[in-house]
Amino acid sequence: MRMSRRSGFSMIELVTTLIIMGVVALMAVPKIDLSRMRSDAGLRQMMTVFVQAQRTALTKQYNVIVSVDVSTGRLRVVEDKNNSNVFDTGDRSYWVALDQGVKFTTSPAALDGLSGTTAFAKPKVLDGYPSLIFRRNGAASSDAAFFISARPSDAGASRAVYVTQSTGRADGYKYSSTGWIRAGI
């Protein structure tokens, strides 16, 4: 009785093909910079906090205070129901921590004249924290800029949220070699 020969690939041919495909895939896939992705996520998170604070102030018709704790990388949101601009016992408050690895950092360059870690044209301090108050009409208490990064040694990973006083609008920015550019968020 004759044994039939099955056609197919040898183990060496399969392994060689997989190695070549792996090398091609490594060359084709761009290098992913996780620190810049983390910075982008932190920027989106901060913008969400500021937009939500402004929206709450407009819809509920009371002030909303956003305070910054730079040392722990957190934002405190206080719904100031009696518009006293202080944190009273009846006011609702909660903390929002920045994403893991994202920290407040010193800006690599001034953004619309503001620089530092957090910068205010007209600073307000609530319970020892620099704070921004969103009014019932949607305006903010000051122009303000907040600077973050997942890798402070890399200026390209720097992100900023700029809040305009007159409108309370929060805009996101990325730092490039030419300066701050608006982030398409």
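Is Asp127 buried, partly exposed or exposed? At 49% relative accessibility, Asp127 counts as partly exposed, because the exposed class begins only over 50%. Please keep in mind that this model is predicted.

Five strands form an open sheet in the order 3-2-1-7-6, and their pairing is antiparallel. At the edges stand strand 3 (92-97) and strand 6 (124-126); each has a single partner strand, so one side of each is left without a neighbour in the sheet. On average, neighbouring strands here are turned by 35° against each other, direction ignored. Within this sheet, strand 1 (residues 63-69) and strand 2 (residues 74-80) run antiparallel and are joined by seven bridges. If you look for Val66, you will see Val77 of strand 2 opposite. Helix 2 (residues 34-60) packs on the sheet, where it touches strand 1, strand 2, strand 3 and strand 7 (129-134). The direction of helix 2 makes about 155° with that of strand 1.

Now move to strand 6, where you will find Leu126. With 6% relative accessibility, Leu126 counts as buried. Leaving aside residues up to four places away in sequence, Leu126 touches Ile65, Ser67, Arg76, Asn85, Val86, Phe87 and Ser131.

Side chains of opposite charge can pair when their charged atoms come close. Arg76 forms a salt bridge with Asp127, and their closest N and O atoms are 3.0 Å apart. This pair links distant parts of the chain: Arg76 belongs to strand 2, Asp127 to the loop between strand 6 and strand 7, and 51 residues separate them. Arg76 is buried, with a relative accessible area of 6%, whereas Asp127 is partly exposed.

The count of salt bridges comes to nine, and two others are worth a visit. Arg182 and Asp171 meet through their side chains at 3.8 Å, N to O. Arg182 lies in strand 11 (residues 179-182) and Asp171 in strand 10 (residues 170-176), so the pair ties together parts that are 11 residues apart in sequence. Here Arg182 counts as exposed at 52% relative accessibility, while Asp171 counts as buried at 8%. Elsewhere, salt bridges that share partners join Arg36, Arg151 and Asp154 into one network. Within it, the side chains of Arg151 and Asp154 meet at 3.1 Å, N to O.

Next, turn to strand 8 (residues 144-149). Six of its six residues are buried, so strand 8 is largely enclosed by the rest of the structure. In a regular strand the side chains alternate between the two faces of the sheet. In strand 8, Ala144, Phe146 and Ile148 point one way and Ala145, Phe147 and Ser149 the other. Strand 8 pairs with strand 9 (residues 159-163) in the antiparallel sense over five bridges, and Phe147 has Ala160 as its bridge partner there. Strand 5 (residues 118-120) runs antiparallel to strand 8 with three bridges, while strand 4 (residues 103-104) is joined to strand 8 by two.

Our last stop is on the surface. Phe9, Met11, Leu14, Val15, Ile19, Val23 and Met27 make a nonpolar surface patch of about 790 Å². Phe9 sits in the segment before helix 1 (11-28) and counts as exposed at 67% relative accessibility.

Methods
Residues are numbered from 1 along each chain as its sequence is written. This is a predicted model: local features need pLDDT of at least 70, side-chain atom pairs count only at pLDDT 80 or more; totals for chains, interfaces and linings use all residues. Side-chain values use heavy atoms; hydrogens and water are left out. Buried means under 20% relative accessible area, exposed over 50%, partly exposed in between (1.4 Å probe, protein chains only). Helices (H or I, at least four residues) and strands (E, at least two) are DSSP runs, numbered from the N terminus. Two strands pair if DSSP finds at least two bridges between them. Axes are lines fitted to C-alpha atoms, for helices over the stretch in contact, and angles run from 0 to 180 degrees between N-to-C directions. Contact means heavy atoms within 4.5 Å. Patches are made of residues with over 30% relative accessible area and no salt bridge: like charges are joined within 9 Å, nonpolar side chains (Val, Leu, Ile, Met, Phe, Trp, Tyr) within 5 Å. Accessible areas come from the Shrake-Rupley method with a 1.4 Å probe; for residues, only the protein chains shown count as cover. A salt bridge is a side-chain nitrogen of Lys or Arg within 4 Å of a carboxyl oxygen of Asp or Glu.
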